[in-house]
Amino acid sequence: MSTGASMGISTMKPCCRLLINCRSVASFGFEFRRCSHAIIDDISGRQAKVFGDQLIRCYSHRILDFRIPSRAPLAVSGSTWSQSRGFLGRDRGRRISIICNVASDVRKFSTSIEPQIGGDKGFERIYIQGMNVNVKPLVVERIDSDAVKEEDTRLNDSADVDTNNANVDESTVCTVKKEYSKSEAEAWELLRKAVVYYCGTPVGTVAANDPADSQPLNYDQVFIRDFVPSAIAFLLKGEGEIVRNFLLHTLQLQSWEKTVDCYSPGQGLMPASFKVRTVPLDGNKEAFEEVLDPDFGESAIGRVAPVDSGLWWIILLRAYGKLTGDYALQERVDVQIGIQLILNLCLSDGFDMFPSLLVTDGSCMIDRRMGIHGHPLEIQALFYSALRCSREMLSANDSSKNLLRAINNRLSALSFHIREYYWLDMKKVNEIYRYKTEEYSTEAVNKFNIYPEQIPPWLVEWIPEKGGYFMGNLQPAHMDFRLFTLGNTWAVVSSLATPRQCEGILNLFEEKWDDLVGKMPLKICYPALEGEEWRIITGSDPKNTSWSYHNGGSWPTLLWQFTLACIKMGRPELARRAVAVAEKRLMDDKWPEYYDTRSGRFTGKQARLCQTWTIAGFLSSKMLLENPELACILTCEEDLELLEGCACLLSKTARAKCSRRAARSQVLV
């Protein structure tokens, strides 16, 4: 690799590391626990800070970052982060990217991946050419000063950069100073206080930051799902550096180990959360170093691995590119491999016959036992959205063609499955009420052998004449008729629901406003489990008593997803109404995690205060309503070709026959 005469290359051992709870990776020949983590900074030499009476050192240097060309010019935002500035240099016709304060690891230098993804071997063999255990990151010691001056001039004139090819004009992002309301001003102050730094760079936000909380438990960690609304708020404000750092650092934490040990994370799994810890530097009691310590579920309640973390990561990656125009991040080799690993984990074959994703209780936002094991709607909506986003971002080449084909096939089957079998309205409930059971044939109407006696009494009186929703779960002989807000709103955002179903979902929220919004938006699910049903299904969980926490509690963080859905369907007045209800109380109640009671009148009995995703959900909703044109960038439009790509239609056998063609007239409306 030639470097040009204007810069010299050297190697060094950086001091910031990743602390990963998994065994050594045979394919790379080193242990992840000792994985070097290169931090890139504008500061030469060392960056040090005082920790008590001792010293913490973070060695920071620039490194070269070679990339494939981006699809759109980088939208340079007016970030308030003062740690670093990235820039693009041009030297003798070559494009050189110098990236500051962003994580780097051995995967960045990967030049080849196994091209066969859809075969029996899957995506097992990932290798890096020319690497061994002693390879150290490249460091740029000297940079041509003329090139730097040229880039400084270009950045100063960034307002004149042609952004016609970018998805978002820089002027549309909320970078202009405005007069904030008292609640907005306090929310921004609290959000910035929640920012977590790793070796001087922002990498995420803690789950909650209540100074009066003496037992933070794991709320002092950065959760992938919790950070998403924070990331959206920062992106809408034009501050993309923290989001970029978060995406790259969590990518480093992704499990790369192919294991058969049930106590180790599977290959491609994203952690639920991570924490920045300070540990002694190589036995030196006077100096310390910072490490990232991920949690893949081994410390979680119930010890369940997070299914939604990788899906949220893909969704956020697309949002980052759309809102900043920085598509080069998506096109990096390590990012492309990270996407493929997540998808390979989700698309792997198993015994399940359904196109929906089979998961256990506690694997998503509802992270305790709540009877959602099987095929919960929330995961299916996020899965569908992640597949749509991945299809946009994956580079089409020999190594990805089989994966892209698998994505299209799954999208087609999943969209039909959810739209046809999960949808509930007055007509569908009446159909279930008249079901015949024990039907054995490919022509059966009651395909899942649902017994009409399962229809709960509350649903008979509650379902409106107009409107409907997707039920919470579907398995053989089991329908969960509860309404789950996140799954339904994200079905609208991702176009998993048809346009008619999207309208029906919002009609239901409007019709049942007192039940689903009440004194504080929005119910995580409706209705709550009570009495003997609560005891059996939750295991007598004292935190999930009726109308509390996950069992019918009200979660203000759901505002931003609801707002996106309303704006997409041209009904922002519903979102404004919900935001107004929340704004009256959130600041006075100190931004709690959730609210209790049927109407959401009381602050949750165990709710953490200064909850970051409550704050960020409120801010994101306000900014989206002020700039509704940005909402379309975060959503997916209806793809009418999906149902036409049914894999069943490619087969001439009777066994492969499906009802999609007959149902298309109803579904595609």
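The model described here is a predicted one, and its chain of 669 residues has 58% of them counted as buried.

**The chain as a whole**
- The secondary structure of the chain is made up of 20 helices and 21 strands.
- When contacts between residues at least 6 apart in sequence are considered, 72% of them join residues that are at least 24 apart.
- The chain has an accessible surface of about 28500 Å², and carbon and sulfur atoms account for 51% of that surface.

**Helix α5**
- Because 17 of the 17 residues of α5 are buried, this helix is largely enclosed by the rest of the structure.
- After α5 comes G325, a residue whose phi is positive and lies near 80°.

**Residue E239**
- E239 sits in the loop between α3, which covers 224–236, and α4, which covers 241–253.
- The relative accessibility of E239 is 1%, and because buried means under 20%, E239 counts as buried.
- The side chain of E239 is joined to the side chain of R192 by a polar contact of 2.8 Å.
- Although E239 and T324 are 85 residues apart in sequence, their C-alpha atoms are 9.0 Å apart in space.

Note on methods:
Residues are numbered from 1 along each chain as its sequence is written. This is a predicted model: local features need pLDDT of at least 70, side-chain atom pairs count only at pLDDT 80 or more; totals for chains, interfaces and linings use all residues. Side-chain values use heavy atoms; hydrogens and water are left out. Buried means under 20% relative accessible area, exposed over 50%, partly exposed in between (1.4 Å probe, protein chains only). Helices (H or I, at least four residues) and strands (E, at least two) are DSSP runs, numbered from the N terminus. A polar contact is a pair of N or O atoms within 3.5 Å; within protein, one must be able to donate a hydrogen and the other to accept it, and residues adjacent in sequence count only if both atoms are side-chain atoms. Contact means heavy atoms within 4.5 Å. Accessible areas come from the Shrake-Rupley method with a 1.4 Å probe; for residues, only the protein chains shown count as cover.
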